[in-house]
Amino acid sequence: MQTYLDHLTVERGLSKNTLSSYRRDLDRYVQSLTAAGVTQLAAVTAADVTRHLLRLREDLAAASAARAVSAVRGWHRFAAREGLAPDDVSREVKPPAPPKRLPKALDVDQVSRLLATVTGDEPLALRDRALLEFLYGTGARISEAVGLAVDDLEPSLVTLHGKGGRTRLVPLGSYARAALDAYLVRARPVLIIKGRGTPAVFLNARGGVLSRQSAWTILHRAAQAAGLPVDGPHAVSPHTLRHSYATHLLDGGADVRVVQELLGHASVTTTQVYTLVTVDRLREVYATAHPRAR
């Protein structure tokens, strides 16, 4: 083990902190092997490695377990290459996949506060309000919003161009439609004369296509004004409105297959993560509303 750690120090140049973590991971592994009666590295089997991996999944967070498995696999790979073991028994052992994180959705009141922060009739204010209403009203990805062309808009529908060249039709609600109409009639003509002309719906102050980063900044500014988190794990991002769109649809009784189509997910499995969010919401409502919930 020390030979392997020396190799990591000299050949890989790992930091002291990383080496300390690897040493702890390998010490834990050696203790596990010793407890199982395995005292020689050449005697370790794939079953021994798998048993250790399963224990790691029970005792450690996914990220820590993944690092520990990487240390173990690296050691076995090194031992096989240096002739210290007949072969690499860890070759088929994969690090544990990190658990799926549930999307953090805003509740309806928070979304209303967010959308109400953008006021005024200036061209950029009208654009910002239209963008935010559009993101929440259609569940569009930020790339789909900034890539939207005027020809993609119909009176009550919008064509979104998603991942992998897939397109989908999504209904356009009255709030998003009203905000878009105000922007397209009173603001976009003012902005577009400053540029070279583009079919894009959302324009920057110079008449060019609004960038993803600028769209993120618009939302960040609105979230700050609404008193919503803009830093940390629950910071509001453009994807937050997409999460909220899906969650509120499901809370309102929409079928998961319909939501799948609206979001443009290739598989319903991707959409089903939102149903877990609504189950939490059901528990919350039950806990606060039922007289014998607690």
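This is a predicted model: local features need pLDDT of at least 70, side-chain atom pairs count only at pLDDT 80 or more; totals for chains, interfaces and linings use all residues.
Local features need pLDDT of at least 70 and side-chain atom pairs count only at pLDDT 80 or more, while totals for chains, interfaces and linings use all residues. Residues are numbered from 1 along each chain as its sequence is written, and side-chain values use heavy atoms, with hydrogens and water left out.

**Nonpolar cores**

- The largest nonpolar core holds 55 residues; a nonpolar core is a set of buried Ala, Val, Leu, Ile, Met, Phe, Trp, Tyr and Cys residues joined through side-chain atoms within 4.5 Å.
- Helix 6 (residues 123-138) gives the most to this core, namely eight residues; helices (H or I, at least four residues) and strands (E, at least two) are DSSP runs numbered from the N terminus.
- A second, separate core has 25 residues, among them L5, V49, L56 and A85.
- F134, Y183 and F202 have the most contacts inside the largest core.
- Beyond its neighbours within four places in sequence, F202 is in contact (heavy atoms within 4.5 Å) with residues including R127, F134, L148, Y183 and V209.

**L115**

- L115 lies in helix 5 (residues 108-116).
- L115 is buried, at a relative accessible area of 13%; buried means under 20%, exposed over 50%, and partly exposed in between (1.4 Å probe, protein chains only).
- Not counting residues up to four places away in sequence, L115 touches L132, E133 and Y136.

**Second largest pocket**

- This pocket has a volume of about 210 Å³; a volume is the space filled by probe spheres set on grid points, which are joined across faces, edges and corners.
- On a 1 Å grid over the protein atoms alone, a pocket is an open set of points with protein on both sides within 12 Å along at least five of seven lines, a cavity is a set where a 1.4 Å probe fits but cannot get out, and lining residues have an atom within 4 Å of a point.
- Of the 13 lining residues, Y136, G137, G173, Y175 and A176 are the closest to the pocket centre.
- Helix 6, strand 2 (167-171) and helix 8 (174-186) each supply at least two lining residues.
- The lining has nine nonpolar, three polar and one charged residues; Ala, Val, Leu, Ile, Met, Phe, Trp, Tyr, Cys and Pro count as nonpolar, Asp, Glu, Lys and Arg as charged, and the others, Gly among them, as polar.

**Largest cavity**

- The whole structure has one cavity of 30 Å³ or more.
- V49, H52, L53, L56, V69, V72 and V93 line the largest cavity, and helix 3 gives the most to this lining, with four residues.
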